[in-house]
Amino acid sequence: MPEKKAILEKLASVQYPGLERSIVDLKIVDSVETEGERPIITLSMQNDEAFEILRERLADLFGGNVEVRRKAMAKKRDMNYGHTANPNNRAPYAKRVIAVTSGKGGVGKSTVSVNLAVALAQKGFKVGLLDADVYGPNIPRMLGTADEKLRWGENDKIIPSENFGIRIMSVGLTTPTSDTPLVWRSSVAVSALIQFLEDVDWGELDFLVIDMPPGTGDIQLTMAQELPITAGVIVTTPQPVALDDVSRAIMMFKDIHVPIGGLVENMSFFVAPDTGKRYDIFGTGGGEATAKRYDIPFLGQIPLDMQIREFSDSGTPPVAMGDDVQKGYYRTVAENLLAQIL
Ligand SMILES: Nc1ncnc2c1ncn2[C@@H]1O[C@H](COP(=O)(O)OP(=O)(O)OP(=O)(O)O)[C@@H](O)[C@H]1O
Ligand SMILES: [Mg+2]
């Protein structure tokens with residue numbers, strides 16, 4: 001019907017809140033009907049907040065004469081939420097891609113990425129770790145490769161750094177010093193990451209682990225469109241404000257069809273080194289309850305531990321250099337994730 005086509009064309013100009021992509025692009029528009037002159041638009045999405053914003057945007061767009069309905073996406077136990085949007089595959093050398101994300105900054109994404117990657121390598125898998133946090137690349141410091149510079153191989157491909165049995169690539173290797181600021185438009189950041197996917201000599205990988213920047217922005221979305229992500233791992237801390245943000249991240253990934261491998265709760269509790277007494281600084285059970293609420297697997301808890309911070313800052317991942325208890329936290333996360341995806 002011609003008027004439906006016109007409506008869809010109008011919808012193509014409506015962006016998903018917080019993203020530079022249209023709701024048509026993201027396949028959120030489920031159907032377009034008309035009742036006389038009045039369009040009836042059904043959106044297939046989970047995020048309440050984003051839905052309300054879109055309802056207002058559509059009301060503005062059609063001068064108030066529109067009905068916006070919502071079709072809740074079916075809850076599924078399996079790893080695919082909704083239909084797969086059929087992403088590109090810029091990393092055909094990797095059997096599985098794990099994206100480590102969080103709603104908020106500073107919750108321990110990079111620490112989890114590093115130790116998860118090393119834990120997988122310790123199990124005998126071939127693992128690459130891509131630092132996609134182009135504005136705050138911390139991975140080289142955490143793996144003791146911060147002094148290395150970008151090297152090109154004979155095949156005109158970038159040679160990744162290697163340490164603790166994993167291959168590593170980070171924008172941090174392209175800057176002269178660790179405090180060089182990167183003032184990049186997000187489109188430039190995105191092309192740098194695509195180059196790291198395509199022009200790094202990763203070799204064959206069982207796992208490509210990606211440490212994402214915090215939040216739910218353009219880089220997350222691009223990765224979801226350029227790579228078939230096997231599983232998103234979401235890191236949170238247990239306090240309610242962090243859990244609000246993580247809920248937004250979960251909803252966004254469901255809306256853009258990224259399968260969620262599970263939730264990791266970091267800085268869960270503190271064990272005093274002198275007395276061994278446990279303190280639940282941020283409350284207890286928040287992460288597990290959130291995982292239940294959104295029907296995603298809970299992968300494990302990691303306590304707030306001074307040594308974990310010290311190991312990480314000195315370039316020696318706790319899963320490699322820590323004691324058995326510290327190693328155990330990350331190995332449990334790795335095992336639980338493998339149980340979801342193998
Ligand atoms: N379980 C833990 N116990 C103690 N310190 C931790 C723990 N996890 C992470 N940290 C420390 O907290 C700080 C932030 O962690 P990290 O850099 O991994 O967070 P992030 O989510 O990647 O942050 P950003 O959003 O800035 O990328 C680091 O100094 C790290 O060493
Ligand atoms: Mg980080």
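This is a predicted model: local features need pLDDT of at least 70, side-chain atom pairs count only at pLDDT 80 or more; totals for chains, interfaces and linings use all residues.

Which element gives the largest share of the shell around ligand 1? The answer is H9, with 4 residues.

Residues are numbered from 1 along each chain as its sequence is written, and chains are lettered from A and ligands numbered from 1 in the order in which they are written.

Ligand 1 is surrounded by 21 residues, the closest being Gly105, Gly108, Lys109, Ser110 and Thr111; a residue is near if its C-beta atom, placed from the backbone, lies within 6 Å of the molecule. Two or more residues each come from helix H3 (109–122), strand S12 (260–271), strand S14 (298–304) and helix H9 (306–313). Helices (H or I, at least four residues) and strands (E, at least two) are DSSP runs, numbered from the N terminus.

I turn now to the domains. An assignment, automatic or from a database, gives domain 1 (2–7 + 14–71) and domain 2 (94–341). Their contact takes 9 residues from domain 1 and 8 residues from domain 2, where contact requires C-beta atoms, placed from the backbone, within 7 Å. The centres of the two domains, taken over C-alpha atoms, are 34 Å apart.

Finally, Gly328 is found in helix H11 (residues 324–341). The C-alpha atom of Gly328 is separated by 9.6 Å from that of Ala119, 209 residues apart along the chain.

Note on methods:
Two residues are in contact if their C-beta atoms, placed from the backbone, lie within 7 Å.
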